[in-house]
Amino acid sequence: MAQFELLINGTRHQVEADPGASLLWILREDLGLTGTKYGCGIAQCGTCTIHVDGNPMRACALRVENVSGGQQITTIEGLSEGGNHPLQEAWIAAQVPQCGYCQPGQIMQAAALLRQNPTADRETIRNYMSGVLCRCGTYMRILEAIERAGKAMTESKTA
Amino acid sequence: MPHPNTNTSTSRRQFLKTTGGTALFIGTSGLLPTLISCSDKDRITKTLAQHELTAWVRLAEDGSLTIFNPAAEMGQGSMTSLPLLFAEEMDADWNQVQVAFSPQVTEIYGSPGWAPGTKLMFTVGSRTTNSYYNVMRNAGAQARYVLMYSAAQHWQVPLDELETEPHRVLHRPSGKALSFGELASLLQMPETLPEFGPDQLKDPTEFRWVGKEIARTEIPAKVDGSARFACDIRLPEMIYGVLERGNLHGSRPTLRNESDILAMKGVLKIVPFEYAIGVVAETLEAALTAKNRLEISWSEAPATGFNSQEIFSSYANRARSGEAGETVHESGDVSAALASAVKVYSGEFRNDYVYHAQMEPLNAVARISEDGQKAEVWVGSQQGPDSKLGVPGLLGIPPENVDIHLQYLGGGFGRRSMNDFVTECVLLAKEMAPRPVKLLWTREDDVRYGAYRPLSLQHLKAGVDGKGRVTALYHCVVGDGGNLVASGSRNDHYDIPNQCAEWRETSHGVRLKHWRSVGHGPNKYAIECLLDEVAAGEGMDPVALRRNLMARSPRALATLNRAAEMAGWDTPAPEGRARGVAFVEHGSLGTGICEISVNRSSGDIRVHRFWCALDAGVAVHPDNIRAQMEGGLIMGMSSVLKERITIVDGHVQQSNYSDYPLLRMNEAPESIEVDILPSSDHPEGVGETATPMVACAIANAFFRLTGKRLRHLPFTPERVREALAS
């Protein structure tokens, strides 16, 4: 066991873990940040998508020692205050989730896209989001919500 | 000033006889009057002693209502649709409604929709809205009645002079009104409570909330990470359990390195199962590490020697043999009709095993008291016929000593109607009592020890008379699992006078379970494809052929006509594309039309557009119905184009999304359009009507595009290339 310092959602956390430990289990089981879900453990489903310095990453594939050097980790709990990120609002407006399990990962992936490119076209969105699986089949509404949020973000910037 | 009716003691709760012979109990607890209906006074008393606030509804003095949902919420929307029905009849203001899961007490909250005189809490078969429709409305009407009775008593006016508008009781002659919140402290209990039959409930034309665009109650929690699934539960002193189950179903393990495993850091116990080795450890990481290091010898099993991809020729022989199968249904005389038919069309259709692939791998948390007499379980389950998920029987304790805390399900699709994972978790927790145990299945566990939709083969024959009318349909299913392969072989909405379906049983020792739409997927695929072949052979348009068959089923016909209209069926598809049609009856009636293209060198089929028209009876929550159709179609496309479990010498060959791919966003269609036809008939389930449309719609479009037939699910690129080269 070793000590690691993780900077998550703006808060420093001291955690004890073995080197090589997966960030996903530390987030979920040690720190109680359970919005980040386990889906496959091999970076195939995107359900555990978080941001590391603003880039979408799969928490299951991150080793604790590689994200404890001051990197800013953001989980769904830290995406916005009060769940009011334009994407979260768009997700509600479009009534996207069904079972809801993959949706934190979907929203985190989409947030990274819109930060880089709020005017992303449909083809760009489809490709960028293709790493996050949804078994309930909410893809059509995810597309709609991302376009809606992108529009809201662009309008609020120009307003 | 305390009001007499706000006494918290359970002794003030009153037991009421109802006119319908069942009983309805009104209790108060704190400021929150509660209503429950039940048929057994002793059980009510016990239940109330156990659950301080158990009820269909709680009313607070600020007017807020909490309505209990008795069904599992796995994305299908029960957390909104059932309370909505209750609120409608209660004449509540939906904006003041909150929703919570009901306790898992079947006598009170069970659905009577399974068998006469019985009740079950069981969220399967698209039966939730259908079977709870009148239950929730009756309970809501009774809650309204109690509020009106209380107002009548308070004002000393006759009850029949009262009426309600949302969240208020009115007495027009005197101009008096009381809000539901104001009535919370004035509640008085009537001697008897009426049962409200369908004729005394609102006519669908009077609905204020039902059928309107209503936001789902649990969606906000599903976008900020706060929605709680069983795997999110964390309890003090909680430890972690995992099992290694291998990939040969039914095989028995012998652990060869027990002492090495027990010596590993954090490992607390090894728990042997007949079919698995369990490890319990202080942390999840330690449990998973130990699981990876288990050295296990596996015995042979009934599945040993079974190769799924080589079995079809023997299935085909079975289908063509003269053996008598088990009759699934029969009408008219199929043999005679086939013998006298002018032309007989026949076709053989195959499907591989498919896996549920719900995004949340199976898991549960259980805590058992040190004396073994009490248990708590946190779980996302589709519930089941066993009381409290079978936990009382497992532990030999009475049901009232077991608390099931139902959580959101990260997908069910039938897999969570099998509570094997609950049993495992409880057995581990029993070993470790009183420490709570979280059991986690890894994705590999979930795939390899899955319970699949069975592999099967359909052999169909259709007889046609001299006028191109289908007079006979013979349907033989060969496969394992009884109704798992037989469901959907019956056609109630096609006017085919002679029909027969039979099942010829096989058995391979592979675990099987209901998978969204069950046998409807493979069977509707076969039926709709053969009808398409009849249409082609008779020189008829596939929609026109179905129109003739639906002549006696105007509701089915309306979905066909509407879908054809939406898709522009009579106009040519864009260059390089073609459309295909399929009709599915699964409670609700739906017609789907897709538009596809094919990459002839790679063999990839692309679905560009999908149109769907549905008659589901009263559309309780229309946007949710659209969501179910969209999702069911996407899941259908995924399974039809990509998914299969294969078995070699009994061993499951897939283990994760890397070798069991699902449809991804970049492969989703350009559009899915759903139209819900208006109806005031009793609501029918919508969760499983869309998925079975996909295979036949795609196969039929593929034929129109290429002249070739696709006869084996899934339509993988290599199978498509083979079909193109044939």
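A polar contact is a pair of N or O atoms within 3.5 Å; within protein, one must be able to donate a hydrogen and the other to accept it. The model shown here is predicted.

Figure 1. The interface of chain A and chain B holds 31 residue pairs in polar contact, with both residues at pLDDT 80 or more. Five helices of chain A each give two or more residues to the side that touches chain B: α1 (23-30), α2 (86-93), α3 (103-116), α4 (122-128) and α5 (139-158). Of these, α5(A) gives the most, with five residues. By residue type, this side of chain A divides into 26 nonpolar, 17 polar and ten charged. Seven salt bridges cross between chain A and chain B. In one salt bridge, Arg141(A) pairs with Glu630(B), and the closest N and O atoms are 2.8 Å apart.

**Figure 2. The contact surface of chain A and chain B.** Here 53 residues of chain A are in contact with 66 residues of chain B. The area buried between the two chains is about 4,600 Å². Carbon and sulfur atoms give 56% of that area. Three residues stand out on chain A: Gln98(A), Arg126(A) and Arg135(A). They supply 19% of the area that chain A buries against chain B, more than any other three residues.

**Figure 3. The two domains of chain A.** Chain A is divided into domain 1 (2-78) and domain 2 (81-158). Taken over C-alpha atoms, the centres of these domains of chain A are 21 Å apart. In this view, 16 residues of domain 1 of chain A are in contact with 15 residues of domain 2 of chain A. Between them the domains of chain A bury about 1,300 Å², with 57% of it on carbon and sulfur atoms. On the domain 1 side, Thr47(A), His51(A) and Ile76(A) lose the most area to domain 2, together 36% of what that side buries.

**Figure 4. Polar pairs between the domains of chain A.** How many salt bridges are counted between domain 1 and domain 2 of chain A? The count is zero. Five residue pairs in polar contact do cross between domain 1 and domain 2 of chain A, both residues being at pLDDT 80 or more. On the side of domain 1 that touches domain 2, β3 (49-52) and β4 (55-58) of chain A each supply at least two residues. The largest share, three residues, comes from β3(A). This side of domain 1 of chain A divides into five nonpolar, nine polar and two charged residues.

**Figure 5. A salt bridge between two loops of chain B.** Over all chains, the whole structure has 60 salt bridges. In one of them, the side chains of Arg208(B) and Asp91(B) meet at 3.2 Å, N to O. Arg208(B) lies in the loop between β10 (192-193) and α6 (219-223) of chain B, and Asp91(B) in the loop between α2 (78-90) and β6 (97-101) of chain B, so the pair ties together parts that are 117 residues apart in sequence. Arg208(B) is partly exposed, at 39% relative accessible area. Asp91(B) is buried, at 4%.

**Figure 6. A buried salt bridge of chain B.** The side chains of Glu244(B) and Lys291(B) form a salt bridge of 2.9 Å, N to O. Glu244(B) sits in strand β11 (residues 239-244) of chain B and Lys291(B) in helix α8 (residues 284-293) of chain B, 47 residues apart. Both Glu244(B) and Lys291(B) are buried.

Notes
Residues numbered from 1 in each chain as written. Chains lettered and ligands numbered in written order. Predicted model: local features only at pLDDT ≥ 70, side-chain atom pairs only at ≥ 80, totals over all residues. Heavy atoms only, no water. Contact = heavy atoms within 4.5 Å. Buried area = accessible area lost by both parts, 1.4 Å probe. Salt bridge = Lys/Arg side-chain N within 4 Å of Asp/Glu carboxyl O. Polar contact = N/O pair within 3.5 Å; in protein donor to acceptor, adjacent residues only side chain to side chain. Helix = DSSP H or I, 4+ residues; strand = E, 2+ residues; numbered from the N terminus. Nonpolar A, V, L, I, M, F, W, Y, C, P; charged D, E, K, R; others polar. Domains from an automatic or database assignment. Buried < 20%, exposed > 50% of the residue type's maximum accessible area, 1.4 Å probe, protein only.
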